[in-house]
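This report is for a reader who is new to the structure below.

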Amino acid sequence: MRAYSLSHLSDPELIRSLISEVAHERGATAVVLAHIAEADARRLYVPAGYPSMHAYCVHEQHMSEDAAYRRITAARVARRFPAIFDAVADGRLHLTALILLSPCLTTENAADLLAAAAHRTKAGIEELLAQRFPRTEAMGLVVALPAADGELAPERVEIRESVPAGQLAPERVPCLSKVTPVAPERFDLHLTIGQSMQDKLRYAQELLGHALPSGDLAQVLDRALDSLIKDLEKRKFATTRRPRRSMRPGTNPRHIPAHVKRAVWARDGGQCTFVSESGYRCQARKLIEFDHVEPVARGGTATVAGIRLRCRAHNQYGAECAFGAGFMQEKRDAARRAAEVRRREAEAGVRASEVARRRQEEARVAAEELIAPLRSLGFSAAEARSAAVLCEAIPDAPLEHRVRRALTYFRLPRGSVTVRPGAATC
């Protein structure tokens, strides 16, 4: 057993030993980051029974949530820019520096930015980033959440400025909501809410005025969550007080009947059923999906015995085991491309409808401009409006040209206008 009492060392020996151990720790940290980066890239946490690298580091490697977050973030940025490993090993960069720098690092600026950040403190790096990536003082409006496969600390959210990427300065902001245990079965909830939620809370308190005169927010939220959970359970696995079994056979082989969903959810306890070779069952309870034990393409059926619960990561892993990782990657890439095409088409449709709406408005305004000149020629308001419709297709034409076009509605000879008695002349 290693002795940790160092009282026998002289001052110079203690300092030399401290320098040596710190250098060793930096080198070991770089090696750990390299291992995390490679394991994360290979998604080895999935066959081990975990839905994310963060869950693997926390539950298998027994890191704290924050330590896992910091190391995974640093490992990913170091994998993108391998020079970081050496910078960590020789002490030029620390983990906090990598977390601050990661949102700003690009292929073009990586070498210069890493060199400028060497041996800087956290405050020094924040000052460096403020100089190179100035930001406004307004609170950011864009909230970036971690992707499902690369999920990090679930309680950590980054809020960034809604400004062009080139002007964005990274800033890790403490989570806006937090649940902290304060006593046995008692928790303190702290969160920041907007005006809309404040209005809803106040309205709910008013509606519960007779049943809950105190308007206690904890009881209001408890009732609200009961209602929300009931609705989500109904949508997620078709829970109902009076279940009915449909006897009509479905035509879609991928359709899962409601009674099957209810039975499978109850049997599996709402938890991923994947079990690793070591016997560890995945603990994931979010991003849960109904999965065919035997793939539909191979004749799988939607029965209680033929359906199981899997988290998204293990659902995809099962498909890769059945059809091959390359095949599934091609399918996912094709789905992404199709989604991107649909997104662009939707954006183009929105732009086209906006342009059409704007043109219609311009045409309406241009037509309205003709009413007064036509009325001054003695025509009634109804006649003037009907004639002005002819000019909606040429809203950018000069007013005189549009008036001449409108007069064709009355089939008058060009160049001759009969002014009615009492009408003003142009």
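## Helix α1

In helix α1, the buried residues are Ala30, Leu33, Ile36, Ala37, Ala39 and Asp40. An α-helix has 3.6 residues a turn, so residues three or four places apart point the same way. The cover over the buried residues of α1 includes α2 (53-59), α3 (65-80), α4 (83-89) and α5 (95-101).

The model is predicted. In it, α1 runs over residues 11-42, which is 32 residues. From its first C-alpha to its last, α1 reaches 46 Å, close to the 46 Å expected at 1.5 Å a residue. Just after α1 comes Arg43, whose phi is positive, at about 55°.

## The chain as a whole

The chain contains 14 helices and six strands. Its length is 426 residues, of which 31% count as buried. Among contacts in the chain with a separation of 6 or more, 54% are between residues 24 or more positions apart.

## Helix α12

Helix α12 covers residues 325-376, a run of 52 residues. At 1.5 Å a residue it should span 76 Å, and its end C-alpha atoms are 77 Å apart, which agrees.

Which residues of α12 are buried? They are Met328, Arg332, Ala363, Ala366, Ala367, Leu370, Ile371, Pro373, Leu374 and Ser376. The buried residues of α12 pack against α11 (312-323), α13 (381-388) and α14 (399-407). Just after α12, Gly378 has a positive phi of about 100°.

## The contact of α6 with α7

Helix α6 (residues 110-117) packs with helix α7 (residues 122-132) at an angle of about 140°, and their axes are 10 Å apart. An angle over 145 degrees would count as roughly antiparallel, so α6 is instead oblique to α7. On the α6 side, the contact is made by Asp112, Leu113, Ala116 and Ala117. On the α7 side, Ile125, Leu128, Leu129 and Arg132 take part. By class, this contact has six nonpolar and two charged residues, and no polar ones.

The loop between α6 and α7 holds His119. Phi of His119 is positive, near 60°, in a residue other than glycine. Is His119 buried or exposed? Its relative accessibility is 60%, so His119 counts as exposed.

## The contact of α8 with α9

Helix α8 (residues 195-207) and helix α9 (residues 217-237) have axes that come within 10 Å and cross at roughly 95°. The two helices are therefore roughly perpendicular to each other, because angles of 65 to 115 degrees count as such. Leu201, Ala204 and Gln205 of α8 make the contact with Leu217, Val220 and Leu221 of α9. Five residues of this contact are nonpolar, one is polar and none is charged.

Ala258 belongs to helix α10. With a relative accessible area of 33%, Ala258 is partly exposed. Apart from its neighbours within four places in sequence, Ala258 is in contact with Phe237 and Ala238. Arg235 is 23 residues from Ala258 along the chain, and the C-alpha atoms of these two residues are separated by 9.9 Å.

Leu287 lies in the loop between α10 (258-268) and β5 (288-292). Leu287 is not a glycine, yet its phi is positive, at about 55°. A relative accessibility of 38% means that Leu287 counts as partly exposed.

## Cysteines without disulfides

How many disulfides does the structure hold? It holds zero. Cys272 is in no disulfide, and the nearest cysteine sulfur, that of Cys311, is 3.8 Å away. Cys311 is likewise in no disulfide, its nearest cysteine sulfur being that of Cys272. A disulfide requires the two sulfur atoms to lie within 2.5 Å.

Cys272 has 0% relative accessibility and so counts as buried. Cys311, at 2% relative accessibility, also counts as buried. The cut-off in both cases is under 20% relative accessible area.

Definitions and conventions: Residues numbered from 1 in each chain as written. Predicted model: local features only at pLDDT ≥ 70, side-chain atom pairs only at ≥ 80, totals over all residues. Heavy atoms only, no water. Axes fitted to C-alpha atoms, helices over the stretch in contact; angles between N-to-C directions. Helix = DSSP H or I, 4+ residues; strand = E, 2+ residues; numbered from the N terminus. Parallel < 35°, antiparallel > 145°, perpendicular 65-115°, else oblique. Contact = heavy atoms within 4.5 Å. Nonpolar A, V, L, I, M, F, W, Y, C, P; charged D, E, K, R; others polar. Buried < 20%, exposed > 50% of the residue type's maximum accessible area, 1.4 Å probe, protein only. Expected span 1.5 Å × (residues − 1).
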